[in-house]
Amino acid sequence: DEGSGEFLIFARNKQDASEGGLESAATINLKGSNGNLGGRISDWVVSNQKESYRFEPIWFDYLPYFVRHSRFEGFEKWISDQSNSLDIRFFSESLDLVRLSDLANSAFPDNEIVSSWLSGLNLRGGLGNISGYLDLQSGFGLVFDLVKVHLDSHKGIPEIENLFAQAYFHTNGFRFYIDSSDTTVGFPNVFDEKWRVETLKGKISSWFDKSYFSIVDRNISAKFPEFGTTGRFALSRPSEEHQRSLTLFFEADGLSVSDRSRYIPNNLPEGLTGWLDSSPRSGDLKKLSFAYHGLTRFLDYPNARRIELKSAYQNLEIKYYEDWPLVKNADGNIHLAGPVTRIIIDRAKTSGIESFSAELLVDNADLNLNAEFEFVGDRNDFLTFFLTSPLKKELPYVSEDWQIKGHIAGDFTLSFPISNFDYDKVDLLLNFRLNQL
């Protein structure tokens, strides 16, 4: 009914440690009572030619059920000569991810999948409070704390620094409950800059088998130094490489235009990226929504990667083109969707124009701008708009010697190429409404 004992175990894979193989030695203490067997694995050291790693003690319980027709494959004999089912529970205090990854690479040197993921993710940090089970009905499971974990971006998985979470692993998936602070997150396939997050909370789930791997997050919330955001992302990796995709969505409020490099995608046309990087000067974005869906490996065909960005803006200052006067106090909204960027200006002012509204359409492929404006001119300085913009060439007879007073309003349509600007390609149709001029 009761018993106890201790034995030493030594194992070696096919190669000697001096030839790059692994050696392992441990002390196992056992104690049995009323058909239950428990114990502790201590002094467990795994080594190869370069280094060795000592595991923290592991406590376990083994509850044998002697049912011959139901047992784990590969565990036909466990402790005794009888065929048993397994019901093992175990616990360990901590594991170092760097050392564990090095040992896994040594243990599976010819496994390209293991090698690719371990080297790609470059895991750092530790696991704490590790509990697990192995039984017939459920397979295996693990629960542990992620402690200050760092991982590199790999195959669509974001780069993360200083991650704290509680993790659950089972036979075909895992789930993370994230609760971190002062964390850095990066999506290098979509954004150039990494995001520093004051607090990061949410749930990430995964499911996988031999031919499929996926990750889906559930309402991740993040507090940045200047604003807050909620978002979701999904990574799908079937065996067919051309079907592997990343989906990303987030909403934010209280963004500043001066921080736009954080949320402008890096896969926009080069000319549009340059314009977005240099033209807006200041202002605030409200209720920004961003969506991205695309292949993790870019293929040159339509819609291989798609983005959509929508936001209202307030108090915007923007210089639409280097030769145009600065637009001030602009309120409106912007919507970038597929091949077209639509900019609505509800109200704004600029040199010589007391107020105006406009709708601008930018062809994201050819980078052509088409715009429709309605304006009310400054009673005393209306001509300044023409004298300080490319329209001066269209109206060569207007000069600084002119003086004007009175009410001037009107509308005009305008089109020209943003990239490789050419005055000869400017199309302008101008209508004036004059009152007491």
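Predicted model: local features only at pLDDT ≥ 70, side-chain atom pairs only at ≥ 80, totals over all residues.
Trainee: How many helices and strands does the protein have?
Mentor: Five helices and 23 strands. These are DSSP runs numbered from the N terminus: helices are H or I with at least four residues, strands are E with at least two.

Trainee: What share of the residues is buried?
Mentor: Of the 437 residues, 41% are buried. Buried means under 20% relative accessible area, exposed means over 50%, and partly exposed is in between (1.4 Å probe, protein chains only).

Trainee: How do E6, E7 and E8 pair?
Mentor: E6 (residues 87-96) pairs with E7 (residues 124-135) in the antiparallel sense, over nine bridges. E7 also pairs with E8 (residues 139-151), again antiparallel and over nine bridges. Strands count as paired if DSSP finds at least two bridges between them.

Trainee: Which residues stand opposite Leu-127?
Mentor: Leu-95 stands opposite Leu-127. Leu-146 in E8 stands opposite Leu-127 too.

Trainee: Which residues touch the most other members of the largest nonpolar core?
Mentor: Leu-146, Phe-290, Ile-345 and Phe-356, out of 91 residues in that core. A nonpolar core is a set of buried Ala, Val, Leu, Ile, Met, Phe, Trp, Tyr and Cys residues joined through side-chain atoms within 4.5 Å. A second, separate core has six residues, including Leu-30, Phe-60, Tyr-62 and Ile-88.

Trainee: What does Phe-356 touch?
Mentor: Leave out residues up to four places away in sequence, and the partners include Val-327, Ile-345, Phe-373 and Phe-375. Contact means heavy atoms within 4.5 Å.

Trainee: New topic. How many salt bridges are there?
Mentor: Nine. A salt bridge is a side-chain nitrogen of Lys or Arg within 4 Å of a carboxyl oxygen of Asp or Glu.

Trainee: How far apart are the closest N and O atoms of Glu-159 and Lys-194?
Mentor: They are 2.9 Å apart, and the two residues form a salt bridge. Glu-159 lies in E9 (residues 159-170) and Lys-194 in the loop between E10 (173-186) and E11 (195-209), so the pair ties together parts that are 35 residues apart in sequence. Glu-159 is buried, at 16% relative accessible area. Lys-194 is partly exposed, at 43%. Glu-159, Glu-161 and Lys-194 are linked in a network of salt bridges.

Trainee: Which residue pairs with Asp-179 in a salt bridge?
Mentor: Lys-201, with the closest N and O atoms 2.6 Å apart. Asp-179 lies in E10 and Lys-201 in E11, so this pair ties together parts that are 22 residues apart in sequence. Lys-201 is partly exposed, at 40% relative accessibility.

Trainee: And what about Glu-198?
Mentor: The side chain of Glu-198 meets that of Lys-223 in a salt bridge (3.7 Å, N to O). Glu-198 lies in E11 and Lys-223 in E12, so the pair ties together parts that are 25 residues apart in sequence.

Trainee: Where is Asp-217, and which side chain of opposite charge is nearest?
Mentor: Asp-217 is in E12 (residues 212-223). Asp-217 is buried yet has no salt bridge; the nearest side chain of opposite charge is Arg-232, 6.1 Å away. For charge, Lys and Arg count as positive and Asp and Glu as negative, while His and the chain ends are not counted. Beyond four places in sequence, Asp-217 touches Lys-203, Ile-204, Gly-231, Arg-232 and Phe-233.

Trainee: Last one. What is the phi of Asp-43?
Mentor: Positive, about 50 degrees, although Asp-43 is not a glycine. Asp-43 is in E3 (residues 36-47). Asn-315 also has a positive phi of about 50 degrees and is not a glycine. Asn-315 lies in E17 (residues 305-318).

Definitions and conventions:
Residues numbered from 1 in each chain as written. Heavy atoms only, no water.
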